[in-house]
Amino acid sequence: GEGKLRVRLGDAATEPAAATAAADDQGDGGDNDHDVMEAGGHSGFGGGGGRQRLAKVKNKNPAQVQITAEQILREANERQEAPISVPKQKIHDLEELNEYRQRKRKGFEDTIRKNRNLVGSWLKYAAWEESQFELQRARSIFERALDIDSRNQTLWLKYAELEMRHKNVNMARNIFDRAVAILPRVDAFWYRYTYMEETLDNVAGARQVFERWMQWEPPEEAWSAYIKLEKRYKEFERARAIFQRFIECHPVPKNWLKWAKFEEGIGKPENSREIYEHCIETLGEDSVDQNVYISFAKFETRLKEIDRARAIYRYAIQKLPKSRAENLHNVYTQFEKQYGGKDGIEDVIVAKRRVKYEEELSMNSKDYDTWFDYTRLEESSGNFDRIRDVYERAIAQIPLVNEKRFWRRYIYLWIFYAVWEERVAKDFDRAKEVYTQALQLIPHKLFTFAKVWVLYAKFLIRRRDFDGFRKCLGTSIGLCPKPRLFKSYIDLEIKLREFDRARRLYERCLADIDRARGIFEIAISREVLDMPEVVWKAYIDFETEEESWSNARALYERLLERTEHVKVWISFANFELVNEENGETTAARADVARKVFSRAYDVLRRRATKEERVVLLEAWRDFEATVGNAVTQKAVRDKMPRAVKKRRRVEGASGGGEWEEYFDYLFPDEESERPNLKLFQLAHQWKEKLQAGLIDDDDDDDDDDDDDDGDDDNSDEEGDKVGSDSGKNHQGDGASGNDARPLDDVDSEASPAGGSNHGDDEGKATPAKRKREGSQ
């Protein structure tokens, strides 16, 4: 009882806890295990004035009697109070009825007077008057509402429905006429108007309403409703005329398809075919989508016109880009699988790939690899006109820059074109014309392609035009005397058993080669030359093209006598990899190239050029990754250095010393020698300090010991730390901590000044001291 009293009199914060207490008292009869502990004073009574805290449950174990959710809902439903119901009023005479009507009308009028723009009030008022069978008053209310808002659609529709419910047809027609005159773009009025006329079996009246509506060029749904009306009454000629007007108003492909399906549905396939053809001609290729072609082809398939359907599919694939014909290819593939053979399926695949190549070339017309694939695709189809068209388009894509590396892929388009004309098309005159145009296009003053000259010469030999063959190669030697042209010319003359001509060509070729070598020798012998590396490279490339491997190797050795640059060594190793004199297998040539790398590493190591050694090792690593094995790759990886951040003292502009950070490389083969080098460095520092008077003779041994300690403790893999000796002097020394610093550089972990006290280590035999004494 006390807990319930607190629920009624306590504040909102204590109600949950008190309710819990009351439930516990009711559930288990006031068991102490489920009592609720409350803290603070009673809210609303007595003093304290403090805010009462929420009650805490001592025992959170489940109660013996559980209350289900169903019990809670049932009790809540049983305790609900009955809703307040409006008492029913019974009217006994006419006087009470009039009084009731007057009271209701006064309430509606007051509501309208407060807000005359609220349409809901007008509709409720009119509906009540209709319930009282006061139609004249209901009409008056609608008219008053329309005077206020004549463009409200709901008022017009409710007004017309009122008249239709009471079968006042003429009144409803009058309302609809007024509505469509004021709001002709509201389709709901027209739909209700035509529906009413058709319901009354007044088809002529409904048709007349539709005609009035069509003058406003309504949306497609309105035209479809008009056509459906004529179809319901089997007026196909009228429906066909409506379709023609419909297409003129909305000339989109889907409307053409509706018309064609309509004609097919009424058994007029010839009209349907004419509609499809007229659609394609009228809309044009830009406006016709894939659905028109698919529907047209399926229509022909239903009529068993398989060839017509196939022709339509192929025409559509040629005209439409792939972005607009994704579904078309799939439908065509299914069509060929169902009605075609192997050739038909291959045509589908070729068409798909053709569209793909066209899209790639539209993005980059200079993609010669795509042109190669495209030409091979067309050659597999066997259509000569299409093949020639693709080749002509391909060779028209001339490189924009007159450099041979940009022309290497392009020139093969001409070669493939000429070979195809000769071997497949058997059009020898066109093949000769292709060769001639290709040779006229190549800028021979900058570069040439010996392959084109040789292929043209062999073509002329096959055509028995020996004079033309000799004229062709003679012209090539005159324009660009390349060794390959001489060699090919001589081989052809030998095969033709023209040994005298071959002998004269040999004499001329050798004279030209010796002359070229002489020019190169003069160039490299000059002491002053703007770009000597270009001359050396050209000379070596010349000997390599002549396959004079020994001469090229000798040139590399002569060049290394002048300069031992890392790029020269790398080029030398790559040359040995392709040198055919080193063996026929790649492994044999790789061993020779590996020796060049090892030799270069030793030379650069003696020169103490760390950056160049890193570049060489990286090139060596790439070389082993290509042609090496696991053992050789591991050997190169073991030689790779580690990058370490260091600091060094530099002289500033003001004369003071500054510290800067830099990266150094630690090579594995040098780390074993580093302790000895460090010892000499520390000895040199000690000597300079002694000469400068920074230390005394009595402290020499101690300073040396401390330096050795720092050397032994800090000679790890990250670099050696060299500490300053100024901080290790006696307290009486006047030298500052910054007077002693390393000569060259120290690691980033070292500090520019020492910080330990020398006096703390006296009398202690450190491991470094014991090690030094033992060595002495």
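I count a surface patch as residues with over 30% relative accessible area and no salt bridge, nonpolar side chains (Val, Leu, Ile, Met, Phe, Trp, Tyr) being joined within 5 Å and like charges within 9 Å. A salt bridge is a side-chain nitrogen of Lys or Arg within 4 Å of a carboxyl oxygen of Asp or Glu. Areas are Shrake-Rupley values with a 1.4 Å probe, and for residues only the protein chains shown count as cover.

The model is predicted: local features need pLDDT of at least 70, side-chain atom pairs count only at pLDDT 80 or more, and totals for chains, interfaces and linings use all residues. Residues are numbered from 1 along each chain as its sequence is written, and side-chain values use heavy atoms, without hydrogens and water.

**Patch.** I looked up Leu400, Val401 and Phe406. They make a nonpolar surface patch of about 310 Å². Leu400 sits in the loop between helix 20 (384-395) and helix 21 (404-407). Helices are DSSP runs (H or I, at least four residues), numbered from the N terminus. Leu400 is exposed, at 79% relative accessible area (exposed is over 50%, buried under 20%, partly exposed in between).

**Helix 8.** I listed its buried residues: Ala172, Ile175, Phe176, Ala179 and Val180. Down the axis of helix 8 they fall within an arc of 125°, so they line one face. The arc uses directions from the helix axis to the C-beta atoms. Asn170 and Ala181 are exposed on the face turned away from the buried side.

**Gln132.** I found Gln132 in the loop between helix 5 (119-131) and helix 6 (135-148). Gln132 is buried, at 15%.

Technical notes:
Helices (H or I, at least four residues) and strands (E, at least two) are DSSP runs, numbered from the N terminus. Buried means under 20% relative accessible area, exposed over 50%, partly exposed in between (1.4 Å probe, protein chains only).
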